[in-house]
Each structure stands twice: as C-alpha cells, then as structure tokens.
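Please keep the sequence and the model in view while reading.

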Amino acid sequence: MNAKSKRILVVGGVAGGATCAARSRRLDESAEIVVFDRGPFVSFANCGLPYHVGDVIPKEKSLLVATPELFRDRFRIEVRTRNEVTAIDRKAQEIEVRELTSGRVYRERYDALVLAPGAAPMKPPLPGLDLPGVFTLRTIPDSRLIRDWISSRNARRVVVVGAGFIGLEMVENFVHRGLEVSVIELADQVLPPLDPEIARTVADWLTTKGVSLRLGEGLAAIETDASGTLRVRTNKGTELRADLVLLGLGVRPETKLALDAGLEIGQRGGIRVDDAMRTSDARIWAIGDAVEVRDLVTKQWTVIPLAGPANRQGRIAADSIAGREARFRGVQGTAVCGILGLTAAITGASEKSLVRAGVTTFEKVYLHPGHHAGYYPGAKPLHMKLLFSTPDGRILGAQAVGEEGIDKRIDVIAMAIQKGGTVHDLEEAELCYAPQYGSAKDPVNLLGMVAANALRGDAPLARWEDVDETEAFVLDVRQPDEFAEGHVPAATNVPLPELRRRLDELPRDREIWAYCRVGQRSYYATRLLQQKGFRVRNLTGGYQSFLARRPAGAPTTACHGGARRG
Ligand code: FAD
C-alpha cells in the first residue's frame, strides 16, 4: 500500500455506508477503504424486507444489492462482514473491532472514519416483548425468522403494534399472505407523520380491507399461554390473540460508539454533524439514520430515518473526505407508503409539525381532484393538502392519499420546497399531460391556484375547524339532493345555479362561508358573491374535508357526491 494513501474506514455497510465507500473510491483511486458490518450482509435492500416477508419478493438473494465480492472486484473496497466496531480511540485515530465468528479483537488505524450504523427498532420496557413469536424487522435474518415462524407455526393471526410506515407496509404484506391482521396504534390516527384528516382516508381503507384497527390504544404487555398463543394486552384492557406480533414502534439512532467516544450528540438523540456531515471530531463523519440534521422547512434539528437522505449524506461525506465542497441541504421527510392498493405520501412540514415548531403564519388548502382527466375512464380521487406560509406563499409541506398518481404529485412539490418555491410556482408549473396521466390543469397546478387565489384575496379561505364557532352565514351551494344526504348543521342551501337570482336571501352585514362537495362550485360562488359586494370565504376542501375531520369509524358514504360535481 502506498505510504501516502488515505485510510478510510466505514462502520456500517448498508444504505449510507456502502454509498460513502463506493463514492470515496470514485473520488480517490489511491485510498485504502475498509467497510465493517456486524451483520452477515452489506448493501442489502432493507426497504424490500416487508415485501420479502409478504412473498412479493420470494428470493432472499434478490435483496442483496451488492456483495463483498462485488465491492472487492469492482471498487477495490474491502468489506468485513460479521465484524463489529466496538470502540473508537480518537487520540490514536484507531477503532477497536471484534470479529464475531472468532471473538478476536483487533485495532485499525484511520485517517477518516465514517459512522453509518443506522438506527435500532424501539423496544419499550414492557413485559413480554422478548417472547418467541414477537418480532422487529431491520435485517435479512429478521425477515428470515418471521417467514420461518409463519410457515412452521402455520400462523393465521398477526398483531402489528404501531401504524407508521413500516408497520403499515407489514400489514399489507401479512394480508397478502392471507393472514388476519389487527393493528394497535397509540396515536388516534394511522401514519403519525401525516395530519389526522388526511390519514383518516388510510384508516377507512384499511378497515374496508378487513384489517382491524385499534387507534388510541397502546401496547401494555404480551403474554403467552400453554398452547403458545400470544395474548396482546393494550392499555385500554383489550386482549388480542395472535400467532405472531410485529413491533413497528419506530427506531432510535445507534449512537453508542459515538457517545462512548465523546462525540457530540444532539437534543433529538442523533449524532450531531455539520452540513458536510462532519461530527464534532474533524476526522470523523456520520451519516444516515444515526445522525441528527436540520429540517429544511422548520430549521429545527430532527432525526428522519429514510433511505434517500442516508444515500445523499453518504455521497456528501465522501466528497468532504476527498476535500471537495459539498453541503447537505437538510431533510424534508419526503416519504411514501403503499397500503393494499392505496398510496399515502408526504413532503415537508405537516400542520402538526408547524404548530409544534411555533409557526403561526401559514394557511392550508384541501383538494380532492381526479388523478387524471375526468373524461378519460378510470380517474381515481386524490385527497391532497398543501401548507404554505403567509403572506409570501412559500410552500411548507404537502400530503396526499389516493390509489393512483400520488407519488408524482408529492415529488413535484418536494422539489419545489427544496428550491424555496411558492404557490405561484405551482400555479405556473409546466407538467406533462395526456388524459390518461393527468389534467391540463394538474392537481399540482390547482393546489397552487387555490392557494394563490387566497393570497391575492380573490377567493379567501375559511377553515373547517372554525365552522362551529363562526358568526358567519354558512352557505351550501350544492344541489338539494346532495344537501338532503348530509350537510353542516348551520348551513343554508342555495344551489349555485340559483345563486344569481337569490342574492337578496344572503346577508350583507355578515361574512358568508360557502361550501360545496370539494370546493370547486363554492369557488365559483365566492367569485360571484365577491363581485356583488358580499364578504365571502370558501371553506377549503368542501363537505368532503368536513367529513374527514369526524372521529374515525363514523360512516363516510355521504361524502361521495356525483363524480362530475365539484
Ligand atoms: P442501515 O441501512 O440500517 O445500515 C446500518 C448498518 O450498520 C447495519 O447493517 C448494521 O448492522 C451496521 N452496524 C451498526 N453498528 C455497527 C457496528 N458497531 N459495527 C459494525 N456494523 C454496525 N426508507 C425509505 O426511504 N423508504 C422505504 O421504503 C423504507 N423502508 C424500510 C423498510 C424497513 C423494514 C426498514 C428497516 C427500513 C426502511 N427504510 C425505508 C429506512 C431505510 O432503510 C434507512 O433509512 C436506511 O437504511 C438508513 O441507512 P443507514 O446507512 O443509516 O443504516
């Protein structure tokens, strides 16, 4: 080895670590690069694990994106699997490693050390979480254990604890395998990163697919009886029987190595890094699920365990080690989840997270368009929410749920957020269109237009959560048959086609809040009334958004009006 070549050691060889090692080679042909992983594999597709359990990806080896041999032959990178890094000696610039197969302990010197140890599944100190049949899912061996348990025990009933992204992906895959699935979730909604009225569609969908949901109930204990059946008890006294329990309670950054070495740990429990992914020690970088980074929107420190940021951070750390200028922009939590044919996605801040961060100058828009032109067969409804700051219109976040076309809308908005875009950019965005893919006015354009109309004062918005308290005159502009099916208690019905000749029935001394099914006809009403001198607002998202705010479990049939009615 060249005496001057740089020694780059990487702890953890999956998303962040493998990316960093491979890019380091592309940037420095002379470096000596060694990757350590305590597991039996490197560079495996952890995101594919739920689908391996569900048999959608039947072969385990399909999950192996790269092998140690590939790293050796293609990149001249040495990979040492089943080697756990147990300590960092910062003074000597050495790590201590335990070879797990032999127990041998040895030391290695580094010029640059990269920590990419990921995050561990949370296991609260509750009784029974270590019983046979209770699993978490992080690695290929975990997925093997779950698959073996299902087939060897002929498992039929599963309880999934936690309705986050991984929990719901596992629900989908257990259902796919024909298992009977119950879900316990402490929050009173599924997918806690989303706002509750958007997540509501997902909860209703799961229920119609036969999944039993227990929202607002926490796990209290797991016991087992003589027959080996697991009994899952909740804090509300419910007892569920199961052949298998999957814990999807979130993850916590793996910080032990960093902590023991005296590296700075942030207030959210992740390794603190600068925007070049460098830790408080100039020779040590950290990336991926183990680190704490800035939220792009709220500017607060956060831990967001996602593969995209881990990969990008791996590249940035490699650039920084090679002496290049590279800066991580921060995370915005762009995430997507497939749930039995439904897709839910989010980017940027939710309303909850804005409130938590103390942001008060924001507005929101709800929209329920078809995923493509209504005249082309097969349009599926999208349920969307856009959050933007006032008065400048900067986009803060978006969420969407639907059967088709969700990911592309959220991805477009994700890019707009990253570039500091405003609702006016969404109005003007030129997106691809043919009738089977979208609309000439794409839902993304529509979100921008509704938001921009509000900012310009052309169609001010009212919020459904204020409707019970308002002094305003609540005007329902739907057809009488729709009104008869269900309406807001205080509402007066004047259908849009009759509005021009019935203006004298409307008050001039009070504000008017107009609504229809989804907000389109009430927008027309708002424009009409405003030009006739009334003070008027449009209740965003229409009656459909009103219904989405009711407690989970309430019937939703009344929210589906005629397909061509706005
Ligand atoms: P990891 O990929 O977890 O790699 C860390 C590695 O470090 C592990 O192999 C571990 O064994 C090793 N290690 C830890 N400590 C040591 C040590 N002391 N010595 C040696 N080795 C060590 N994200 C998405 O964006 N989309 C998805 O659809 C998605 N689905 C997921 C599904 C599942 C089931 C899981 C578990 C995660 C999913 N994620 C998803 C999250 C994504 O996989 C992680 O954000 C990403 O892998 C983090 O990369 P990382 O490099 O930080 O850590």
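## Terms and basis

A residue is called buried if its relative accessible area is under 20%, exposed if that area is over 50%, and partly exposed in between, using a 1.4 Å probe and protein chains only. The model is predicted: local features need pLDDT of at least 70, side-chain atom pairs count only at pLDDT 80 or more, and totals for chains, interfaces and linings use all residues. Residues are numbered from 1 along each chain as its sequence is written, and side-chain values use heavy atoms, with hydrogens and water left out.

## Overall form

The protein chain has 16 helices and 31 strands; these are DSSP runs numbered from the N terminus, with helices (H or I) of at least four residues and strands (E) of at least two. Its radius of gyration is 27 Å, close to the 24 Å that the globule rule gives for 566 residues, so the chain is as compact as a globular protein of that length. This radius is taken over C-alpha atoms, and the globule rule is 2.2 Å times the number of residues to the power 0.38. The C-alpha trace spans about 90 × 60 × 40 Å along its principal axes.

Of the 566 residues, 54% are buried. Among contacts (heavy atoms within 4.5 Å) with a separation of 6 or more, 64% are between residues 24 or more positions apart.

## Nonpolar cores

In soluble globular proteins, nonpolar side chains tend to be buried together. A nonpolar core is a set of buried Ala, Val, Leu, Ile, Met, Phe, Trp, Tyr and Cys residues joined through side-chain atoms within 4.5 Å. The largest such core in this model has 51 residues, of which Ile 88, Ile 95, Leu 113, Leu 115 and Met 277 touch the most other members. Apart from it lies another core of 45 residues, including Leu 137, Val 183, Ile 198 and Ala 199.

Which residues does Ile 95 contact, leaving aside its neighbours within four places in sequence? They are Leu 9, Phe 36, Val 85, Ala 87, Ile 88, Tyr 106, Arg 107, Glu 108, Tyr 110 and Leu 113.

## A hairpin and a strand beside it

Strands β14 (residues 230-234) and β15 pair in the antiparallel sense over four bridges; strands count as paired if DSSP finds at least two bridges between them. The two form a hairpin with four residues between them, and Gly 237 in the turn has a positive phi of about 85°. Strand β15 (residues 239-242) has a covered face, made up of Leu 240 and Ala 242, and an uncovered one, made up of Glu 239 and Arg 241. Opposite Arg 241 stands Arg 231.

Arg 231 is also one of the contacts of Ala 221, together with Pro 127, Val 232 and Arg 233, once neighbours within four places in sequence are left aside. Ala 221 lies in strand β13 (residues 219-224). With a relative accessible area of 4%, Ala 221 is buried.

## Aromatic rings

A pair of aromatic rings is described by the distance of the centres and the angle of the planes. Rings of Phe, Tyr and Trp (its six-membered ring) pair if their centres lie within 6.5 Å; planes under 30 degrees apart count as stacked, over 60 as edge-to-face and the rest as tilted. The structure holds seven aromatic pairs. Phe 71 and Phe 75 have ring centres 6.0 Å apart and planes at 50°, so their pair is tilted. Both residues lie in helix α3 (residues 68-75), four residues apart, about one turn of the helix.

By contrast in angle, Tyr 515 and Tyr 543 have planes at 20° and ring centres 6.1 Å apart, so this pair is stacked. The pair links distant parts of the chain, with Tyr 515 in strand β30 (residues 512-515) and Tyr 543 in helix α16 (residues 542-548), 28 residues apart.

Most residues other than glycine have a negative phi, and most peptide bonds are trans. Asp 55, in the loop between α2 (49-53) and α3, has a positive phi of about 70° although it is not a glycine. At 37% relative accessible area, Asp 55 is partly exposed. Asn 154 also has a positive phi, near 50°, and is exposed at 60%. A cis peptide bond joins Thr 390 and Pro 391, with omega about 5°.
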